Amino acid sequence: MLLAAAAAGSVAWAGPGRSRVVYHVNRSDTETQRNALQRVQDHIDSVGAENLEIRVVLHGGGVDLLLAANHDAPIRDGIDALKLQGVRFEVCGHTLARRQIPVDALYDARDADVVHSGVARLSDLQRQGYIYVKP
C-alpha cells in the first residue's frame with residue numbers, strides 16, 4: 001500500500017525534491033485573485049522556490065488578474081515577486097479572443113504566455129504530473 005502511494009506521489013516531482021504544481025484561477029473578483037497570489041507565495045515560503053515548478057493558469061475571469069495589475073500596485077507587486085521566484089503565468093487564448101483583449105493589455109504578458117485553451121492546458125499539465133490547486 002505504501003509503495004503504491006509513493007509511486008502515485010512521485011508523478012508530481014520534477015526532480016529530486018522538486019514538485020510541479022498548477023494553480024487554477026478563473027474568478028474575476030479581486031479578493032480571490034489576491035488570495036491566489038498569496039497562496040502561491042505561501043507555498044513557496046513553505047517549500048522553497050528551488051523545490052517547486054509552479055504554473056498559474058488564468059482563464060475566464062482569472063484573466064482580470066493581469067488587467068487589474070496595470071492599476072493595482074499590490075497585485076502587480078505580487079505578480080512581480082512570484083515571477084522573480086520562477087512562477088509562470090499562462091493565459092487562455094480563447095478568453096482573450098472572446099473578450100477581445102489584446103495580449104499587450106495584460107500586465108507583463110507576451111505571446112509566449114498565451115495557451116490555446118486554459119482548460120486544456122490545465123488538463124495537459126495534470127497529465128504531465130502537475131498537482132492541481134484551486135485557491
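Entry 1, terms and totals. I call a residue buried when its relative accessible area is under 20%, exposed when over 50%, and partly exposed in between, with a 1.4 Å probe and protein chains only. By that cut-off, 44% of the protein's 135 residues are buried. The model is predicted, so I take local features at pLDDT of at least 70 and side-chain atom pairs at pLDDT 80 or more, while totals for chains, interfaces and linings use all residues. I number residues from 1 along each chain as its sequence is written, and side-chain values use heavy atoms, without hydrogens and water.

I computed accessible areas by the Shrake-Rupley method with a 1.4 Å probe, where for residues only the protein chains shown count as cover. The accessible surface comes to about 7,100 Å², and 55% of it belongs to carbon and sulfur atoms. For contact I use heavy atoms within 4.5 Å. Of the contacts with a separation of 6 or more, 74% are between residues 24 or more positions apart.

I take helices (H or I, at least four residues) and strands (E, at least two) as DSSP runs, numbered from the N terminus. I find 6 helices and 6 strands, in the order α-β-β-α-β-α-α-β-α-β-α-β from the N terminus on.

I count two strands as paired if DSSP finds at least two bridges between them. Strand 2 is mostly covered, with 7 of its 8 residues buried. Strand 2 runs parallel to strand 3, joined by 7 bridges, and also pairs in the parallel sense with strand 6 (residues 131–133) over 3 bridges. I looked up V21: it stands opposite I54 in strand 3 and opposite I131 in strand 6.

Strand 2, helix 2 and strand 3 make a right-handed β-α-β unit; right-handed means that, with the strands pointing away from the viewer, the path from the first strand over the helix to the second runs clockwise. I list T32, Q33, A36, L37, V40, Q41 and I44 as its buried residues. An α-helix has 3.6 residues a turn, so residues three or four places apart point the same way. The cover over these buried residues includes strand 2 (18–25), strand 3 (52–58), helix 3 (64–68), helix 4 (73–84) and strand 4 (88–92). After helix 2 comes G48, with a positive phi near 100°.

What does the side chain of Q41 make a polar contact with? I find the side chain of Q85, at 2.7 Å. A polar contact here is a pair of N or O atoms within 3.5 Å; within protein, one must be able to donate a hydrogen and the other to accept it, and residues adjacent in sequence count only if both atoms are side-chain atoms. Q41 is in helix 2 and is buried, at a relative accessible area of 17%. Leaving aside neighbours within four places in sequence, Q41 is in contact with L82 and Q85.
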